[in-house]
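Have the model open in your viewer, with selection by chain and residue number ready.

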Amino acid sequence: MDYNEQLRLQAFLDGELPEAEASKVANWLARDREAAAMLEELRHTCDALAGSEEGIQLPESREFFWSKVQREIQRLEAPAPRSAPAPLFARWRRFLVPASALALVFVAAVWLIQPAGQTGGTAAGDIETALANAGAFTYRDYSAGATLVWISYPADNEIAESDEMGTVD
Amino acid sequence: MTVKDHSSTDDQTLVRAAQQGDMAAFEELVARHRDRIYARAYSMMRNEEEAIDLSQEAWVKSWQRLAQFQGESSFGTWMTRIVINLCLDQLRKQKRQRTESIEAMDEESGGVERQMPVITVNPTAGLERGELRQRINRALGQLSYEHRTVLLLHEFEEMEYKEIARTMDCSIGTVMSRLFYARRKLAVLLADLKKQDSV
């Protein structure tokens with residue numbers, strides 16, 4: 001009996017053969033004693049196994065085993081613990097960091113856009129009048145890098161005062 | 001608050017109640033089927049502690065997947081499939097970790113079972129139930145997990161070859177070969193145990 005025949009015999013025992021094939025094996029068994037002995041051996045093993053698991057009991061009490069199962073279920077179903085609210089400073093810092101970065105970028109952009117050496121005023125220059133002394137004018141030319149201060153002497157207000165006192169000659 | 005007594009309620013009703021979140025109903029299901037689930041885990045793992053852990057894990061998994069149970073099979077069968085899959089995963093992990101024994105490689109290559117003489121006498125005839133169980137237990141322990149599992153799935157779960165192949169992720173030919181080897185080896189082991197006991 002070759003290996004395939006042995007496996008065919010087993011499939012016959014397990015009811016895995018189609019009807020036509022099963023009847024062929026039945027005929028074969030009727031005339032081959034070795035095949036019949038093999039089938040008997042396989043059948044004994046199946047019979048021996050039947051019911052061999054009976055009587056195996058979980059070696060833990062009902063209450064103890066259930067308490068373990070329940071605890072595990074509850075552990076898995078418990079919602080993830082919520083993190084404590086962040087302190088006020090930490091929450092502000094969350095906004096301050098990007099805001100500072102934005103401000104820095106803005107300043108850098110303004111500085112890059114302006115031509116070098118020009119930090120304000122018009123292209124032609126600025127004319128400033130000293131408020132404390134209306135007789136003095138300052139002219140700054142940024143492109144030439146020059147500053148001119150123009151002082152009228154005597155100052156206009158001094159002339160007026162002199163006129164009132166009658167000291168002009 | 002009174003706890004409802006579920007001891008006289010059938011499985012189907014208990015499952016429906018458990019699907020609605022009734023823990024007491026689920027506890028009754030655990031109590032009813034825990035021995036069967038443990039026995040299957042023990043038969044596969046051959047280790048009490050692992051069998052307890054895996055059967056516990058199976059119950060936790062079943063609670064999580066209870067909504068998926070539609071009642072195509074009995075609750076007990078559905079539960080058994082869960083524990084079998086967990087045991088198979090565990091056994092595969094263990095197999096990856098350990099070096100294959102020469103015997104196991106021999107078994108995988110096949111052919112050994114062809115040379116075994118046919119056991120003409122029933123080696124379990126006349127044995128008491130307890131003694132028979134003990135011998136089978138010892139013999140099963142000497143099979144590799146692949147052979148033992150094929151045998152258990154076929155004999156206890158009554159799975160067909162193709163279903164075993166799907167469960168164990170192998171071909172039907174491999175299932176037939178492993179099953180044949182396992183049966184023959186078991187017959188030889190039981191016969192040896194009988195001889196040893198009679199000396």
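Start in this predicted model with helix H4 of chain A, residues 62–77, and H3(B); the two pack with axes 9 Å apart, at an angle of about 45 degrees. H4(A) and H3(B) are therefore oblique to each other. The crossing in which H4(A) passes H3(B) is right-handed.

To show the contact, select A:Lys68, A:Val69, A:Glu72 and A:Ile73 on H4(A), then B:Gln56, B:Trp59, B:Val60 and B:Trp63 on H3(B). Colouring this contact by class gives five nonpolar, one polar and two charged residues.

Next, stay on chain B and select H2(B) together with H3(B). Their axes lie 8 Å apart, and the packing angle is about 135 degrees. This pair, H2(B) and H3(B), is therefore oblique as well, and the crossing is right-handed.

On H2(B), pick B:Phe26, B:Val30, B:Arg34, B:Ile37, B:Tyr38, B:Ala41, B:Tyr42 and B:Met45; they meet a set on H3(B) that includes B:Ala51, B:Ile52, B:Leu54, B:Trp59 and B:Trp63. By class, this contact has 13 nonpolar, one polar and three charged residues. B:Trp59 and B:Trp63 also belong to the contact with H4(A).

Conventions. Residues are numbered from 1 along each chain as its sequence is written. Chains are lettered from A and ligands numbered from 1 in the order in which they are written. This is a predicted model: local features need pLDDT of at least 70, side-chain atom pairs count only at pLDDT 80 or more; totals for chains, interfaces and linings use all residues. Axes are lines fitted to C-alpha atoms, for helices over the stretch in contact, and angles run from 0 to 180 degrees between N-to-C directions. Helices (H or I, at least four residues) and strands (E, at least two) are DSSP runs, numbered from the N terminus. Angles under 35 degrees count as roughly parallel, over 145 as roughly antiparallel, 65 to 115 as roughly perpendicular and the rest as oblique. A crossing is left-handed if the near helix is turned anticlockwise from the far one by less than a right angle, and right-handed if clockwise. Two residues are in contact if their C-beta atoms, placed from the backbone, lie within 7 Å. Ala, Val, Leu, Ile, Met, Phe, Trp, Tyr, Cys and Pro count as nonpolar, Asp, Glu, Lys and Arg as charged, and the others, Gly among them, as polar.
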